[in-house]
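Hi,

Here is the structure I promised to pass on. Have a look at it first, and then read my notes below.

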Amino acid sequence: MNADATQPATTKQRRAIRILTIAMGVLLLAVLVMLVTGVMASSAPMIIAGSSGCAAIATAWTTGVLAIRQRASK
């Protein structure tokens with residue numbers, strides 16, 4: 001069975017994705033606080049780190065969701 005976006009997620013998948021989303025949301029909030037602080041302080045390194053952190057968290061979340069769907073489908 002392939003992990004396809006058209007297939008509905010199982011209960012275990014939904015639970016794992018929910019936990020992953022909450023954890024990534026907390027990390028994203030911390031990075032966004034750093035980004036806003038950098039903008040307010042006109043600190044280029046903090047702005048760059050905050051932007052990179054947001055992108056990394058989004059990538060990690062997407063990878064995690066795809067891994068959960070793929071693993072559960074085997």
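Predicted model: local features only at pLDDT ≥ 70, side-chain atom pairs only at ≥ 80, totals over all residues.

Residues are numbered from 1 along each chain as its sequence is written, and side-chain values use heavy atoms, with hydrogens and water left out.

**The overall picture**

The protein chain has two helices and zero strands. Helices here are DSSP runs of H or I with at least four residues, strands are E runs of at least two, and both are numbered from the N terminus. Of the 74 residues in the chain, 24% are buried. Buried means under 20% relative accessible area, exposed means over 50%, and partly exposed lies in between, using a 1.4 Å probe and protein chains only. The accessible surface comes to about 5,400 Å², with 71% of it belonging to carbon and sulfur atoms; the areas come from the Shrake-Rupley method with a 1.4 Å probe, and for residues only the protein chains shown count as cover.

Contacts (heavy atoms within 4.5 Å) are also worth a look. Among those between residues at least 6 apart in sequence, 64% join residues at least 24 apart.

**The helices and the loop**

The 30 residues of α1 should span 44 Å at 1.5 Å a residue, and its end C-alpha atoms are 43 Å apart, which agrees. The expected span is 1.5 Å times one less than the number of residues. Buried in α1 are Q13, I17, L20, M24, V31, L35 and G38.

S42 sits in the loop between α1 and α2. S42 counts as exposed because its relative accessible area is 64%. Its positive phi, near 50°, occurs in a residue other than glycine. Most residues other than glycine have a negative phi.

**The core**

The largest nonpolar core has eight residues: I17, L20, M24, V31, C54, I57, V65 and I68. Such a core is a set of buried Ala, Val, Leu, Ile, Met, Phe, Trp, Tyr and Cys residues joined through side-chain atoms within 4.5 Å. α1 (11–40) and α2 (44–72) are the elements that give two or more residues to this core. Leaving aside its neighbours within four places in sequence, V31 is in contact with G50, G53, C54 and I57.

**A few individual residues**

Q13, in helix α1, is buried because its relative accessibility is 5%. Its side chain reaches the backbone oxygen of R69 at 3.4 Å, and a polar atom of that side chain lies 2.8 Å from the backbone nitrogen of T10. A polar contact is a pair of N or O atoms within 3.5 Å; within protein, one must be able to donate a hydrogen and the other to accept it, and residues adjacent in sequence count only if both atoms are side-chain atoms. Q13 and I68 are 55 residues apart in sequence, with their C-alpha atoms 6.4 Å apart.

T62 belongs to helix α2 and, at 38% relative accessibility, is partly exposed. A polar atom of its side chain is 2.9 Å from the backbone oxygen of A58.

Happy browsing!
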